[in-house]
Amino acid sequence: MSPGDLFWDVITFGHLSTVDAVSILIYLATLLLVTLYVNYKVGGADSEAYFLGGRDIPWWAVGFSLFASNLGTDHLVGLAGSGAAQGLAVGCWEWSASYVLLVLGWVFVPHYLEYGIYTVPEYLEHRFESRMRKFFTWVSILSALFTKIAVTIFAGAVVLNEVLGWSKWFSSVLLLTLTGVYTSIGGLAAVVYTEVLQSIVLLVGCTALLWYGLDAVGGWKGLEEKLPASHFDLMKPANHQDFPWPGVVFGMPISGLWYWCTDQVMVQRVLSAKSVGTGQSACVFAGWLKLTPMFLMVLPGLIAAALYPEDMERDSNRAFAVLVSRLLPPGWQGAMIAVMLSSFMAALASCFNSCSTLFTMDIYAEWYPEHTERELVIVGQLFTIVLAVASMAWLPMIDGSGDELFVYIQSMQLIWCAPIAAVFLCACLSKRISSRTAWITLTGGIAVGVVFWLLRSGLPVGYRMASLQPFCVLYFGMVHFLFSFLVIGICSFFEQTDLEATDEEKAKLIDNCPSFQRTTSLTSVNQEHAGTMTNVMAVSLMVAVVVLGVWLGA
């Protein structure tokens, strides 16, 4: 394709009708207006306004933002792709998140907001020591790069290649540029309020796709006739390679603890909340929203497998895009491309803003303590460009992984999620864990995870351990989690035998963390902040997950 043809193809949105192209342009224009308005109202004159939206964002906006930040194009592509290949079981990731979001609201949010922190690594410095902050900052940035930013770009490129015929590399550059512009203009506030719009567009569009899909396949009965019964099993056998039922019940929440409760991309949303109660209400609202992807994203994957089995056999990651391009009538295709752009831009903007916050507040501000507020904002904007370039360099690795996209994401995350979840749980629930114990657990646990990943899938084929290939990563996460607690227990035991070291650690803990002397009273404060209605909705959410699981699994 010549440069002139490519330019015209971009301007006319490939083969789309005029109605489709206009709907996409309306969406982009609305997004720009929201960004400019939020930037006018909140601004980015100082670091708190730019990175945390002035700590004045309401619960409904935070809840929508948690939902949209999580459901990027990688989820649209990955959940539908795994749904097409293996059925409904992948949706259990989404329902397990509903429980974990309650843990975020009632266990972690009070601790985080009490310190008035900008970043999660900053909490580790207050709770333990400065080297924990530095180490976890780089872990957070690298994890976002390898499992969020690069994957989101790749997924968005796959969708645009399927729907519009654009090359993956051209699509990647275009999407990065589009997202980077509005992310850098208004900071977190712009990201959060545009994610409200993106969430609504996402829910409406996916509902329409599900409606047309079920109509084409002959409803639920037609779906059951065209697919094997195993596609409708929420709980797979214990020897299943990707979704064994013990891994679903016990392994998924471990990954969820890291993702929702300690990852900067997610936690930054609740750090922008007005109060503990606001943060908890947002977590409950996001938890209810997380019930929908099973039906709006996983189920369309099953529909794609029923309607286009040969295409799904070749590449199940194309499931969502294939439905959009072949099933929807003119007008709706443009709306669904807007939906996919929404999910892409929401997730990518969240990662860019959070990673720039990490680098600026935890690294640059420490290197240059004489910085100005405006300087911090500029550094955060420039670091976004660095992330974009690094993400492009990782795309070939994802393209050549051969996995379903969602399975790839989870296998990468399980390298580090167990030791991080163990350390943070102990840090919040107990004042006995010392900085030395936390450091050994965190660094040692991540090292074990890296070795497992290299031997299982990271090294060239000839150097991998064949015995690890069939080993489910969810089982590894469970073992890794128990190993991390074992390390904590052993280190704590030996510290107790060294009275001098124990006294020093206790002194350090008390000096650095005065709030932890009030650990006993924190629980009652949490319940007071939550409010009766929020508590009722939280309990109702837990009941709803159980009822839906029993109904769909029957």
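This note sets out numbered points on the fold, the core and the helix packing of a predicted model.

1. Basis. The model is predicted, so local features need pLDDT of at least 70 and side-chain atom pairs count only at pLDDT 80 or more, while totals for chains, interfaces and linings use all residues. Residues are numbered from 1 along each chain as its sequence is written, and side-chain values use heavy atoms, with hydrogens and water left out.

2. Overall fold. The protein chain has 25 helices and zero strands; these elements are DSSP runs numbered from the N terminus (helices H or I, at least four residues; strands E, at least two). Of its 554 residues, 60% are buried, where buried means under 20% relative accessible area, exposed over 50% and partly exposed in between (1.4 Å probe, protein chains only). Among contacts (heavy atoms within 4.5 Å) between residues at least 6 apart in sequence, 83% join residues at least 24 apart.

3. Nonpolar core. A nonpolar core is a set of buried Ala, Val, Leu, Ile, Met, Phe, Trp, Tyr and Cys residues joined through side-chain atoms within 4.5 Å. The largest one holds 166 residues, and those touching the most other members are Leu-88, Tyr-112, Tyr-123, Leu-223, Trp-260, Phe-320 and Phe-424. Helix α17 (residues 332–367) supplies the largest share of this core, 18 residues. Beyond residues up to four places away in sequence, Phe-424 touches Phe-108, Tyr-112, Val-120, Tyr-123, Leu-124, Phe-136 and Thr-262.

4. Helix α4 against helix α13. Helix α4 (residues 59–70) packs on helix α13 (residues 276–289) at about 45°, with the axes 8 Å apart. Axes are lines fitted to C-alpha atoms, for helices over the stretch in contact, and angles run from 0 to 180 degrees between N-to-C directions. The pair is therefore oblique; angles under 35 degrees count as roughly parallel, over 145 as roughly antiparallel, 65 to 115 as roughly perpendicular and the rest as oblique. By class, this contact has eleven nonpolar, three polar and no charged residues. Ala, Val, Leu, Ile, Met, Phe, Trp, Tyr, Cys and Pro count as nonpolar, Asp, Glu, Lys and Arg as charged, and the others, Gly among them, as polar.

5. Cys-283. This residue lies in helix α13 and is buried, with a relative accessible area of 0%. Apart from neighbours within four places in sequence, Cys-283 contacts Leu-66, Leu-101, Leu-104, Gly-105 and Val-270. Its C-alpha atom is 9.1 Å from that of Trp-106, 177 residues away along the chain.

6. Helix α12. Eight of the eight residues of helix α12 (residues 264–271) are buried, so this helix is largely enclosed by the rest of the structure. Among the buried residues of α12 are Gln-264, Gln-268 and Arg-269.

7. Helix α10 against helix α14. Helix α10 (residues 219–226) and helix α14 (residues 293–307) pack at about 60°, with their axes 9 Å apart. Again the arrangement is oblique. Trp-220, Leu-223 and Lys-226 in α10 meet Leu-299, Leu-302, Ile-303 and Ala-306 in α14. This contact comprises six nonpolar, no polar and one charged residues.

8. Leu-387. Helix α18 (residues 373–399) contains Leu-387, which counts as buried at 3% relative accessibility. Leaving aside neighbours within four places in sequence, Leu-387 is in contact with Ile-141, Leu-145, Ile-149, Phe-352 and Cys-355. The C-alpha atoms of Leu-387 and Ile-149 are 8.2 Å apart, although 238 residues separate them along the chain.
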